[in-house]
Amino acid sequence: RNDWSSTLPTANNSFFYPSVSMSFLFSELLKESSVNNFLDYGKIRSSFAQVGNDTGPYQLTTTFTRTSILGGFGNTNFPFGNVAGLMAGTTIGNPDLKPEKTSSFEVGAELGFFKSRLALDFSYYANKSKNQILSIPIPSSTGYGFRVVNAGEIQNKGIELSLRGTPVRTASGLSVELYLTYTRNNSKVVDLLPGIDQVVLDGFSGMSIVAAKGKAYGEFYAVADAKDAQGRTIVDAETGLPLPSPS
């Protein structure tokens, strides 16, 4: 698949992302062997895919918005009568944006045993995302609050396991099936912008959600309470409030 996006600059608006998959039903080769007495179905599979993504409109340039002035009896919005009014937006656009791209690799197996009384499905995957389009905070001394960038590389690896068993199956049609599923994903921020080790993605109540180099994507960041050598919270003798940790 190839997309051409009108929200990206002309030099980078075309992005190609292919996919390929293959599987091998090895149980077909074992029908005449003794393995067929307990293995009904066996398949191994593998796939590789890339996914591209663009961004929303008006991310390439720094735009203006309608002016709104907060007053004592409400807001005054422009244009006000015949008076026009615009103010600079809070985000600096990026005319050199590139599309995001995620590459994923997966291998897996499907097995069925004892006349479909027991089935197992296992997958291992590894994903790598590059050039995420983010609006990162910048110093307010620039006159703006954010800047649109392509930021770094994020890696995800994990497994998915599902197990199905039918311990009860009667001639009258009654059956009892049990399902077990297990998933685990490990994410890691491999790289960010040059010279930047942490980017704030969001936050609330004194806590930030960040992408920090070498750590999982979306970790919480906050200043914890200071502790003594025994792990007890250190409290300010005058205010009675916990003291913040120096780190």
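Which residue in S15 is the bridge partner of Phe-204? Before I answer, note that this is a predicted model, in which local features need pLDDT of at least 70, side-chain atom pairs count only at pLDDT 80 or more, and totals for chains, interfaces and linings use all residues. Residues are numbered from 1 along each chain as its sequence is written, and side-chain values use heavy atoms, with hydrogens and water left out.

The partner of Phe-204 is Met-207. Strands here are DSSP runs of E, at least two residues long, numbered from the N terminus, and two of them pair if DSSP finds at least two bridges between them. Strand S14 (residues 198-204) and strand S15 (residues 207-212) run antiparallel, joined by 6 bridges, and they form a hairpin with 2 residues between them, where Ser-205 in the turn has a positive phi of about 50°. S15 also pairs with strand S16 (residues 219-221) in the antiparallel sense over 3 bridges, with Ser-208 opposite Tyr-221.

Finally, Ser-123 is found in strand S11 and is buried, with a relative accessible area of 4%. Its side chain makes a polar contact with the side chain of Glu-106 at 3.5 Å, the term meaning a pair of N or O atoms within 3.5 Å, of which, within protein, one must be able to donate a hydrogen and the other to accept it, while residues adjacent in sequence count only if both atoms are side-chain atoms.

Note on methods:
Helix = DSSP H or I, 4+ residues; strand = E, 2+ residues; numbered from the N terminus. Buried < 20%, exposed > 50% of the residue type's maximum accessible area, 1.4 Å probe, protein only.
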